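Please read them with the structure open.

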Amino acid sequence: IFLLWGCSQKDRSLNSNIHEVPALGHFMQRPRRSGLAHHWNLDENCVFLNHGSFGATPVEIQKEQRTWQQKLEHEPVRFYEDLAMGFMETTRSALAGFVHCDPDDLALVENATTGVNTILRSLTFNEGDEILVPDHAYQACRNAIDFVAERWGAVVVTVNIPFPIDDPSTVIDLIMAGVSERTVLAMIDTVTSPTGLLMPFERLVELLEKKGVSVLLDAAHGIGMIPLHLDEMGASYTTSNCHKWLCAPKGSAFLHVRKDHQEKIHPLTISHGMTFPLGDTTRFRHEFDWTGTRDISAWCSIPATIECMAEMIDGGWPAIMQHNHDLAMKGRDILCDRLGIEAPCPESMISCIATMMLPPGEHGGIPLHEPDPLHSVLQEKYGIQVPVWSWDSPKGRYFRISAQLYNHEDEYHYLAEALATELGL
């Protein structure tokens, strides 16, 4: 059920100027955004190059969510007891068509970290079982693995992936070399958060599952960013955020569990679904569809989000993914050229985020959980929102750009000049 959206007018000019802002400092004009930027209400004083962290939701989808919230509050009892299950079924069907799977294998969750925790906290391990994870994993999910491993006496096997990297086959070779007869689970990313690498995840899923290793695919950077064919791929478990590259409201994600594993997977919150009469559905469906009172408006907005975004440009979602990839590559080329740094991976390992190491001499050392001073300078002095952090694999200071329909290549030139100025280049 699509209650409201207003994104049907296609914008064919992605590079038109939206507004001009007086000069910053002594040397630069604030850059323009693309001709599609009016679909978002991002701060006009912010050069927003960090879609990858939390996404950004178009104005019309924000309105869509509010309409769902109003519908809920108009008659809460009827909404939850009579209508909510049907609304969530509509959402699962829309998602299933997008990621090519059976809608009954999907559960709606708040975010991908919740999805990862749901799987890890449901599984049982024997002492000495091995859980394999690359060192580029998202730290929150790695924390969940460490927590569960300690509880069960399992062993976490960390696979070191080089960065820079020349070829995706290196990832395959290293991860498969880390598999032993005791490996029972591997957590693999579609696109790594710290390094922005598009992993060869389809091939890894195939190889690992054939060896009897269940794959937990962390596709936080997944839906809306890259094509996903879940049934064909065959991973045991997949979770993905809808609020990132799909641009749905915050708190919307999904968990896909292959049918042969569903009996052992339970939501983090056990509620009425565990004992409801089954009727014509499954225990998996009952348990995940009802875990207590919560605001499901973000989930209900997903079908409209898929349609709204697809209508923004000719070619729909395939065109969106290609555009964002091309813009990320353009932005990376601009920054590498201006800062005199080498691209750390081939184009085949880039989707629509790209991580680069700051020029030699910037060796890091700032704790991960403390704000990097350069990040603060970029934000406060230049109005640029882009992540900067220190990392040990290898040791250095890094920054990561994102590319979404509202961005313009001028913004990457602006970032390049700001970085060059602050780094004395």
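1. Start with helix α7, residues 201–210. Lys210 and Glu206 both sit in this helix, four residues apart, or about one turn. Their side chains meet in a salt bridge, with N to O at 3.3 Å. Lys210 is exposed at 67% relative accessibility. Glu206 is partly exposed at 32%. Bear in mind that this is a predicted model.

2. How many salt bridges does a search of the whole structure find? The search finds 17. Side chains of opposite charge can pair when their charged atoms come close. The next points take up some of these pairs.

3. Asp102 and Lys259 form a salt bridge through their side chains, at 2.7 Å from N to O. This pair links distant parts of the chain, 157 residues apart. Asp102 is in the loop between α3 (76–99) and β2 (106–109). Lys259 is in the loop between β8 (253–257) and α9. Both ends are partly exposed: Asp102 has a relative accessible area of 26%, and Lys259 is at 48%.

4. Asp392 and Lys395 make another salt bridge, with the closest N and O atoms 3.5 Å apart. Are these two residues buried or exposed? Both are exposed.

5. Arg92, Arg285 and Asp289 belong to a network of salt bridges that links the three residues.

6. Now the negative charge on the surface. Asp326, Asp333, Asp337 and Glu347 gather there in a patch. Asp326 belongs to helix α12, residues 316–339. Its relative accessible area is 39%, so Asp326 counts as partly exposed.

7. On disulfides, a search of the whole structure finds zero. Cys247 is in none, and the nearest cysteine sulfur, that of Cys308, is 9.1 Å away. The cut-off for a disulfide is 2.5 Å between sulfur atoms. Cys247 is buried, at 0% relative accessibility. Cys352 is in no disulfide either; the nearest cysteine sulfur belongs to Cys247, 9.7 Å away. Cys352 is buried too, with a relative accessible area of 2%.

8. Where does Ile296 lie? Ile296 is in the loop between α9 (283–289) and α10 (297–300). Its relative accessible area is 4%, so Ile296 counts as buried. Ile296 and Val109 are 187 residues apart in sequence, yet their C-alpha atoms are 9.8 Å apart in space.

Methods. Residues are numbered from 1 along each chain as its sequence is written. This is a predicted model: local features need pLDDT of at least 70, side-chain atom pairs count only at pLDDT 80 or more; totals for chains, interfaces and linings use all residues. Side-chain values use heavy atoms; hydrogens and water are left out. Buried means under 20% relative accessible area, exposed over 50%, partly exposed in between (1.4 Å probe, protein chains only). Patches are made of residues with over 30% relative accessible area and no salt bridge: like charges are joined within 9 Å, nonpolar side chains (Val, Leu, Ile, Met, Phe, Trp, Tyr) within 5 Å. Accessible areas come from the Shrake-Rupley method with a 1.4 Å probe; for residues, only the protein chains shown count as cover. A salt bridge is a side-chain nitrogen of Lys or Arg within 4 Å of a carboxyl oxygen of Asp or Glu. Lys and Arg count as positive and Asp and Glu as negative; His and the chain ends are not counted. The place of a charge is taken as NZ of Lys, CZ of Arg, CG of Asp or CD of Glu. Helices (H or I, at least four residues) and strands (E, at least two) are DSSP runs, numbered from the N terminus.
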